[in-house]
Amino acid sequence: MAAIAYRTADVEGFKGFYREAGRVGAPKLLLLHGFPSAGHMFRDLIPLLADRFHIVAPDLPGFGQSDMPSRESFRYTFDNFARVIERFTEMIGFDRFAVYVFDYGAPTGFRLALSHPERITAIISQNGNAYEEGLSDDWTPLKTYWQDPSPANRDALRALLTPEATRWQYTHGVPDPMTVSPDGQNLDNFYLARPGSDDVQLDLFGDYKSNVALYPAFQDYFRKHTPPFLAVWGKNDPFFIPPGAEAFKRDNPNAVVQFFDTGHFALETHAKEIADSIRTFLT
């Protein structure tokens with residue numbers, strides 16, 4: 001099994017934690033996680049790809065082992081996530097790379113592509129959305145908050161930060177929930193329970209509307225640059241539904257879409273199948 005190194009990088013005073021594996025000089029692959037997880041969500045995928053790729057999986061600000069700056073010193077927005085990750089890739093020498101995006105990692109990674117399309121060699125989107133038709137009805141409470149960011153609407157979203165909600169995200173749509181390890185979700189709940197984490201996450205819920213506003217720009221990028229694109233999708237995802245995956249083919253004739261009979265956290269049940277798809281796609 002490939003060795004994984006656990007490192008930190010000082011990104012302009014921000015301590016960013018990341019996992020690294022594979023041979024320096026091999027094709028580069030950047031893994032970007034989603035809510036409410038961290039780079040640990042790739043724990044099964046990395047060993048399956050490290051013989052072929054130089055892999056880096058950072059924890060976003062406020063997630064996992066990375067710093068969680070105060071909300072007074074750091075605005076928790078997806079623009080700032082992209083700025084931090086862009087600088088991080090420059091520091092570690094990721095000048096040209098494929099990017100695997102999931103959930104929050106998608107609007108972060110797509111911003112990198114908008115900013116520097118010449119750096120992106122390919123995109124793998126695992127339940128990482130860029131189309132309004134990909135948003136299910138479960139987004140209604142967040143859309144309500146976007147339209148009226150009142151304290152009452154903000155507090156209503158705290159239900160998404162409970163251990164029960166995390167468990168539901170991991171198991172909904174999985175044919176046999178007993179095949180989903182409790183380890184990842186329990187670690188996520190540990191991070192969510194840290195002092196101040198709730199308001200960080202609520203800020204990001206509010207800022208997610210900036211991603212939807214950028215969907216036309218993301219789609220224009222797909223049409224203009226037509227990067228090699230693979231969508232590997234848990235078809236039973238309660239948040240990002242299959243029409244969002246199919247929509248990539250509308251703007252990018254190079255897009256390949258594959259569905260798996262699982263939910264939002266597809267790597268929990270289909271890491272090997274997704275790894276096989278990536279190896280074929282990027283070879």
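Reader: Which residues of α8 does α4 meet?
Author: This is a predicted model, in which local features need pLDDT of at least 70, side-chain atom pairs count only at pLDDT 80 or more, and totals for chains, interfaces and linings use all residues. Residues are numbered from 1 along each chain as its sequence is written, and side-chain values use heavy atoms, leaving out hydrogens and water. Helices (H or I, at least four residues) and strands (E, at least two) are DSSP runs numbered from the N terminus, and contact means heavy atoms within 4.5 Å. On the α4 side we find Leu-142, Tyr-145 and Trp-146, and in α8 they meet Leu-202, Phe-205, Gly-206, Tyr-208, Lys-209 and Val-212.

Reader: Is α4 roughly parallel or roughly perpendicular to α8?
Author: The two axes come within 9 Å and cross at roughly 85°. Axes are lines fitted to C-alpha atoms (for helices, over the stretch in contact), with angles from 0 to 180 degrees between N-to-C directions. Angles under 35 degrees count as roughly parallel, over 145 as roughly antiparallel, 65 to 115 as roughly perpendicular and the rest as oblique. That makes the arrangement of α4 against α8 roughly perpendicular.

Reader: How many residues in the contact of α4 with α8 are nonpolar?
Author: Ala, Val, Leu, Ile, Met, Phe, Trp, Tyr, Cys and Pro count as nonpolar, Asp, Glu, Lys and Arg as charged, and the others, Gly among them, as polar. Alongside one polar and one charged residue, the nonpolar count in this contact is seven.

Reader: Which element gives the most to the lining of the largest pocket?
Author: Two or more lining residues come from each of α4 (140-147), α6 (163-171) and α8 (197-225). By class, the lining has 15 nonpolar, two polar and two charged residues. With three residues, the element that gives the most is α6.

Reader: Which strands stand at the edges of the sheet?
Author: Eight strands form an open sheet with mixed pairing, in the order β1-β2-β4-β3-β5-β6-β7-β8; two strands pair if DSSP finds at least two bridges between them. Each edge strand has a single partner, so one side of each is left without a neighbour in the sheet: these are β1 (4-11) and β8 (255-260).

Reader: What is the bridge partner of Ala-98 in β6?
Author: Strand β5 (residues 97-101) runs parallel to strand β6 (residues 120-125), and five bridges join them. In β6, Ala-98 is partnered by Ala-122.

Reader: At what angle does α2 run to β1?
Author: Helix α2 (residues 78-91) lies across several strands: β1, β2 (14-21), β3 (28-32), β4 (54-58) and β5. Its angle to β1 is about 115°.

Reader: Which element gives the largest share of the lining of the largest cavity?
Author: The structure holds three cavities of 30 Å³ or more, and the largest has a volume of about 50 Å³. Its lining includes Phe-14, Tyr-18, Val-84 and Phe-88, and both β2 and α2 give two or more residues. The largest share, four residues, comes from β2.

Reader: Which peptide bond is cis?
Author: Look at the loop between β3 and α1 (45-49), where Pro-36 has its place. With omega near -5°, the cis bond is the one from Phe-35 to Pro-36.

Reader: What is the phi of Glu-12?
Author: Glu-12 lies in the loop between β1 and β2. Although Glu-12 is not a glycine, its phi is positive, at about 55°.

Note on methods. 1 Å grid on protein atoms, 1.4 Å probe; cavity = no way out; pocket = protein on both sides within 12 Å on 5 of 7 lines; lining within 4 Å. Points joined across faces, edges and corners; volume = space filled by probe spheres on them.
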